[in-house]
Amino acid sequence: MTDRTTIGFLLNGKDVTLDRVAATDTLLDFLRIERRLTGTKEGCAEGDCGACTVLVGRLRNGALRYEPVNACIRLMPTLDACHVVTIEYLSGPEGRLHPVQQAMVEHHGSQCGFCTPGFVMALYALWMENPDPTEAEIETAIQGNLCRCTGYAPIIRAARAMTALGSPTEDVLNTERDLVAARLAALEDRRRVVLRKGDSRAILPASVDDLAQVLVETPGATLVAGATDVGLWVTKFLRDISPVVFLGHLEGLRRVEVTEDSIKIGAGVSYGGSHRVLTEHFPHMAPFWDRIAGWQIRSMGTIGGNIANGSPIGDTPPPLIALGAEIVLRRGESRRTLPLEAYFLDYGKQDRADGEFIEAIRIPRPDPNTRHAAYKISKRRDEDISSVCAAFALRIEGGRIEEARIAFGGMAATPKRATAAEAALSGREFDEAAMRDAAATLPQDFTPLSDWRASAEYRMRVAQNLFQRFWLETQDGAAPVRLSA
Amino acid sequence: MTDKIVDAPVETQKRTDPPVAQKLLRADQARDTIRGGVHTDLRHDSAIKHVTGRAEYCDDIPEPAGTLHACLGLSSRAHALIRAMDLSAVEAAPGVIGVLTAADVPGVNDISPTGRDDEPVFATERVEFWGQPIFAVIAETRDAARRAALLAGIEYENLPHALDPDAARAAGMGYVTPPLTLRRGDAAAAMQSAPHRIAGRIAVGGQDHMYLEGHIAFAIPGEDEDVIVHSSTQHPTEAQHMVAHVLGVASNAVTINVRRMGGGFGGKETQMNLFCAVAAIAAKKWNRPVKIRPDRDDDMTATGKRHDFVIDYEVGFDDSGRILAMSGDFAARCGYSSDLSGPVTDRALFHADNAYFYPHVLLNSHPMKTNTVSNTAFRGFGGPQGMIAAERIIEEIAYHRGLDSLEVRKRNFLGDAGRDVTPYHQTVEDNIAPRLVDELEQSADYRARLAAVKAWNAKGGVIRKGIALTPVKFGISFTATWYNQAGALLHIYSDGSIHLNHGGTEMGQGLNTKIAQVVADELQVDADRIKITKTTTEKVPNTSATAASSGSDLNGMAAQDAARQIKERLTAFAAERWQTAPGNVRFVANAVEIGAETVPFADFIREAYMARIHLSAAGFYKTPKIHWDRASGKGRPFYYYAYGAACSEVSVDTLTGEYRVERADILHDVGRSLNPALDRGQVEGAFVQGMGWLTTEELWWDANGRLRTHAPSTYKIPLASDRPRIFNVELASWSENREKTIKRSKAVGEPPFMLAISVFEALSHAVASVADYRECPRLDAPATPERVLMAVERLRGAG
């Protein structure tokens, strides 16, 4: 089959086919500059403020699912066979307000109004999934949206009121769901897509096998999954990243498999997409997972991407390392498996050869005798990068620590295990003194940096104090040791 | 279509009128009260446009064919000489039309808002902060301009730099603007004789405005010397003057238009001048429309913020905790130029007493020059930094004397004659702080909750709680007395529709809504009959910045004046036409009562038009009573004060320094509110923004002087989940401005910002529990989790 050289998608109610698309063209610029759909705003161009929130619908195993995304870092090639829904699509005929919009108006949810379309879109996504949300659910849904005027109180009031103003079953995205699904299905032809514009080349492989082949054929290619990090290379550093190979659309990388001994998460599974399986098997991960970025980024970003880019402050590696996760790397038809911690060689250097990609993450199923914890410490509670991230997995049998796996982020040039602390704990009785002694070893393994997120001194002190938190949390009936959510 | 025809009103008598007039006429059908008068919860006039994405911001204006885009080239040194500059690669880059440097400025290369000539559009021989504009590149697209700007070859010779007030003092950097001293009594002698004395220091961080819409200007050249600049500025008149100044033309050649801003908060008062100037110079040079919209990183790097302060204080007090003497030195990080640092540091001193009486006082400002971006206006304008010093002093005294801090606050409130004078010799005539605090103490159940907090902490757990109740007294008026004036322009068209302009700008605060309410009330018509269009220097000249919380105070009065002028003419006309006394003419809801006859407003206006009555008026207002002599530090700089009180309770994790605001109760004074819903929005929003300033919003420069927190990824303003878990906000319903302000309301933009000091002091209270409240924690702002943990550790170490 020959390569396709165009992408097709639905924009609100219209079919769009584009042939000249650069790998780095963003959805936001397309909407605002090409189509003059100016309701979607640029606030930061880095996926942090949510003013550009739009919905993107895509067929997943035949079912049409809409998710909120940041248009500013959503790269155009990734929209093939998607339905893009912008604020302009919400109001009914003759300008009748959507229930979410009506609630925002009635509760004075806008002041300057610049963030408002983004909030409306995030709340719209929430309303469709959960028309009667709790306050906590609303907060989680708008973690990725900044408002500088209102103090959020009226927006929360509006979100609580929106349910009474209309039902999602009557919403256009539901009444036209089958029609849209059919139109999107017709756009999926299982062909490799190669897009060119100027010197730029973007490739959407047809399948995982095709991806393996494309990467071998395209040395030096930039591999992009959710583009939540690469998007900033584009919008902030204006980097030339061509040729780009996209993988976020590949259904084959978006599978979650639970077997007798492990949980296997495809490298293209988003943070949001892995939430259920992770928290089901590892309940301690639930509050942690909800604090990764905001909903838009959780919809776009992938665990595979978070690992692959090798950041020392990525959220997912420390807890996954503590859980004993392995990654499967593939090049062409050959595969190898690595303990996750071994993938991180040094700052900016990972054990991944040219043409190789992470195919899956495999986590052993939990051991009933292992106590887990995952902690994220950041300047701001939500949608922030951690100053220290810590994960503990202590297998305790008969009061004795049989095995300790402890990993930190933000403490070194890579996500890293606390080997001295693990050694200090192994074989010891599980008590406060053991935890204190283990904490005291941290300077042997870590020499953290000072930067705008935290000083070295604070990082070390918090890392050590988290040993105490872990201990206290295992003590039944003790006073609370963590702030209420 | 057929539906519409069926629905059309049958108005046989008015066949010749357009349909809109019929709609207006129908609105005139008898109702007792108008819709959207003053003191009602009229929603923001753009609310529907906001939620549908149809509100037009500057970047949404359709671009004429041929529009070009500019990008600034910024310095990458904090202080250096420019040895050589090679822009050939920039000019040769794809899509580039040309570059601008200082040599291309046709008028004066200066945009100093105070005329101190210390702020070039483009740096020439020397750069004085990291991020200072050196050149601009103009290209066919914004993307091309951004890419080209990176290609500049600039050779620097580094010079030593000083980034903060302490370093600046050590380096002998001097002041950017003359300092201020406020003095009353003999502070030194009173300090000497005081039974107790404490000297301390607090460092207070700055704050980025983080308006969601960044800076933007869009210049369209006209004939002769003319240029129109659409922009998102809080100060159209100043932008007009600056553009004229850099172009070397008269002000009458320059028009500045502002429909709305996506947030301002002071950040778009003077800081937009740069962008207006660059866009206008380029537009005239190439005779094409030019837009400049910096990326968020450049916006945060190249434009000013709230001033950081280092405050050294000394306080003398008696056994009961009553202050006898206070002295304070307020050193500010002003940045490389003066900008508004003079009035900002002045206002810090004006608020260094907050709501308290200092029998003897000496306050000095130190507006330090630093090699950082020039700091500027930000909601509160120095007031918050002054006020937090006052509250720290109260806390110090309370810990020293083993008293509850609220008790110490009460003992020091401004009071009756003899205890009612501020350090700037203004007598406080409208003091309602004690009443607000008493009421809030009751409604927030402060005593019982304080006891509960202490009982909880006595258990010695990891999570500690803290509570604090703090007052706010904020002076209303520009301290630059001549700024306290405003104009408005009101037209009534012959169909009875009303067109209103005023000198204020809409940045989200609902100013246009409030002003429409004022006019609606004055003319007794529904507010939706009044259309307020963009603010433009063409319609209302010589306006002041929409700043200092003054927007509705000043422009509301000016609009009311315009409405009254027309009303007078209409009354005289009615008296003559209906042959009755003027006293028998009354404007009632959407109609005019003339003797026994009631005429619908639109009909009445049509009659007036036919009788050739002038239906347009320019209104004007200047604030009475105020005067200020800076040299002697005496006067009445403020027309009145706005008050408030807040009680906040927090939980602190003493292992990590993380915290949550569990509850905040607010009782705030807006006088007789023009619009309680909008005012409440201002109070809630200001409180959370103030929390951000004092908690997670940290500006961080590296050793080279480069700001590393320059976007929301690194600079953390509050999110929904940061707002208080319980958030009770009340407006003091009984309050009425004793001065004759517009409808006896009070300004609301800035005062509630400082209610967030209660959060800071509650955090301090929780920290103090680890040493059983023996000591006032040393806590600087912002109280990030790191600073909180380190304060805990210090106290534990000391204990």
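1. In which order do the five strands of the open sheet in chain B lie? The order is 7-15-14-13-8, and the pairing within this sheet is mixed. The model under discussion is a predicted one. At the edges of the sheet stand strand 7 (181-184) and strand 8 (196-204) of chain B, each of which pairs on one side only. Direction ignored, neighbouring strands of this sheet are turned by 10 degrees against each other on average.

2. One pairing in the chain B sheet may be followed at residue level. Strand 8 of chain B and strand 13 (residues 309-317) of chain B run antiparallel and are joined by nine bridges. Within this pairing, B:Arg197 has B:Gly316 in strand 13 of chain B as its bridge partner.

3. Chain A contains an open sheet of four strands, arranged in the order 6-7-9-8, again with mixed pairing. Strand 6 (193-197) and strand 8 (222-224) of chain A are the edge strands, each pairing on one side only. From one strand to the next, the twist averages 20 degrees.

4. In the chain A sheet, strand 6 pairs with strand 7 (residues 200-204) in the antiparallel sense, over five bridges. A:Val193 finds its bridge partner in A:Leu204, a residue of strand 7 of chain A. A helix accompanies this sheet: helix 8 (residues 208-217) of chain A lies across strand 7, strand 8 and strand 9 (244-246) of chain A. Relative to strand 9 of chain A, helix 8 of chain A runs at about 170 degrees.

5. A helix pair in chain A also deserves attention. The axes of helix 2 (residues 99-106) and helix 3 (residues 116-129) of chain A come within 9 Å and cross at roughly 125 degrees. Helix 2 of chain A and helix 3 of chain A are therefore oblique to each other. The crossing of helix 2 of chain A past helix 3 of chain A is right-handed.

6. Which residues of helix 2 of chain A meet helix 3 of chain A? They are A:Pro99, A:Val100, A:Gln101 and A:Met104. On the side of helix 3 of chain A, the residues met are A:Thr116, A:Phe119, A:Val120, A:Leu123, A:Tyr124 and A:Trp127. Classed by type, the contact of these two helices of chain A has eight nonpolar residues, two polar residues and no charged residues.

7. Charged pairs form a further topic. Side chains of opposite charge can pair when their charged atoms come close. Over all chains, the structure holds 95 salt bridges. One of them is formed by B:Arg725 with A:Glu139, whose closest N and O atoms are 3.1 Å apart. This pair crosses between chains: B:Arg725 belongs to the loop between helix 19 (676-694) and strand 29 (726-731) of chain B, and A:Glu139 belongs to helix 4 (residues 135-141) of chain A.

8. The peptide bond joining A:Ser242 and A:Pro243 is cis, with omega about -5 degrees. A:Pro243 sits in the loop between helix 9 (230-235) and strand 9 of chain A. In chain B, a cis peptide bond leads from B:Ala781 to B:Pro782, with omega near 0 degrees. The loop between helix 20 (757-768) and helix 21 (785-798) of chain B holds B:Pro782.

9. A:Arg36 has a positive phi of about 50 degrees, although A:Arg36 is not a glycine. Its place is the loop between helix 1 (27-34) and strand 3 (53-60) of chain A.

Technical notes. Residues numbered from 1 in each chain as written. Chains lettered and ligands numbered in written order. Predicted model: local features only at pLDDT ≥ 70, side-chain atom pairs only at ≥ 80, totals over all residues. Heavy atoms only, no water. Pairing = 2+ DSSP bridges. Helix = DSSP H or I, 4+ residues; strand = E, 2+ residues; numbered from the N terminus. Axes fitted to C-alpha atoms, helices over the stretch in contact; angles between N-to-C directions. Contact = heavy atoms within 4.5 Å. Parallel < 35°, antiparallel > 145°, perpendicular 65-115°, else oblique. Left-handed = near helix turned anticlockwise from the far one by under 90°. Nonpolar A, V, L, I, M, F, W, Y, C, P; charged D, E, K, R; others polar. Salt bridge = Lys/Arg side-chain N within 4 Å of Asp/Glu carboxyl O.
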